[in-house]
Amino acid sequence: MKLSTKGRYGIHAMYDLAVCARDGQDAPVSLKAIAERQGIPEAYLEQLFARLKKAKLVKSTRGAQGGYKLARQPGEISVGEVLRALEGGLSVVDCLDEAELCGKSCACPSRIVWKRLTDGINKIVDGITLSDMIDEYERQGAREEETE
């Protein structure tokens with residue numbers, strides 16, 4: 001399975017919002033600010049945030065001081081939720097989600113492999129929250145400072 005830029009950029013953008021939320025910033029964050037900090041085209045972020053809003057992962061505020069913020073606390077939003085909102089299902093093969101794509105879906109000898117692999121991926125991404133990402137990134141930064 002290979003994630004598209006939707007998934008990768010979306011995770012970076014949601015991480016950015018999570019950092020703002022964790023730092024106590026209650027004001028909405030503009031897409032322009034996120035785009036600049038994360039190096040993501042603003043027009044592309046608009047498309048991603050439309051999907052994230054539809055999935056109820058972010059809230060938007062209109063106006064000059066408008067922007068986006070997380071719909072829930074960073075510890076309550078999993079990486080899996082974000083990826084599914086942007087990428088769709090996280091199956092490693094399409095036939096797990098759409099049996100009609102393969103005439104052998106019920107009698108496929110490799111189905112158990114693809115199912116277990118998909119289940120494992122989903123379990124991992126569902127077990128990582130935006131808070132976990134922040135914590136790990138901060139720990140890595142502290143370790144890197146110790147080695148310098």
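A salt bridge is a side-chain nitrogen of Lys or Arg within 4 Å of a carboxyl oxygen of Asp or Glu. By that definition, the structure holds 6 salt bridges. The model is a predicted one, in which local features need pLDDT of at least 70 and side-chain atom pairs count only at pLDDT 80 or more, while totals for chains, interfaces and linings use all residues. Residues are numbered from 1 along each chain as its sequence is written, and side-chain values use heavy atoms, with hydrogens and water left out.

Side chains of opposite charge can pair when their charged atoms come close. Asp135 counts as partly exposed at 24% relative accessibility, where partly exposed falls between buried (under 20% relative accessible area) and exposed (over 50%), using a 1.4 Å probe and protein chains only. Arg22 is likewise partly exposed, with a relative accessible area of 38%.

Another salt bridge joins the side chains of Arg84 and Asp126, again at 2.3 Å, N to O. Because Arg84 lies in helix α4 (residues 79-87) and Asp126 in helix α5 (residues 111-126), the pair ties together parts that are 42 residues apart in sequence. Arg84 is partly exposed at 30%, and Asp126 is partly exposed at 37% relative accessibility.

A salt bridge can also be found inside one helix: Asp119 pairs with Lys115, the closest N and O atoms being 3.1 Å apart, and both residues lie in helix α5, 4 residues apart, about one turn of the helix.

Turning to how helices meet, the axes of helix α1 (residues 5-22) and helix α3 (residues 42-54) come within 10 Å and cross at roughly 80°, the axes being lines fitted to C-alpha atoms over the stretch in contact, with angles from 0 to 180 degrees between N-to-C directions. Helix α1 is therefore roughly perpendicular to α3, a term for angles of 65 to 115 degrees. On the α1 side, the contact (heavy atoms within 4.5 Å) is made by residues including Tyr9, Ala13 and Leu17, and on the α3 side by residues including Leu45, Phe49 and Leu52.

Key
Helix = DSSP H or I, 4+ residues; strand = E, 2+ residues; numbered from the N terminus. Parallel < 35°, antiparallel > 145°, perpendicular 65-115°, else oblique.
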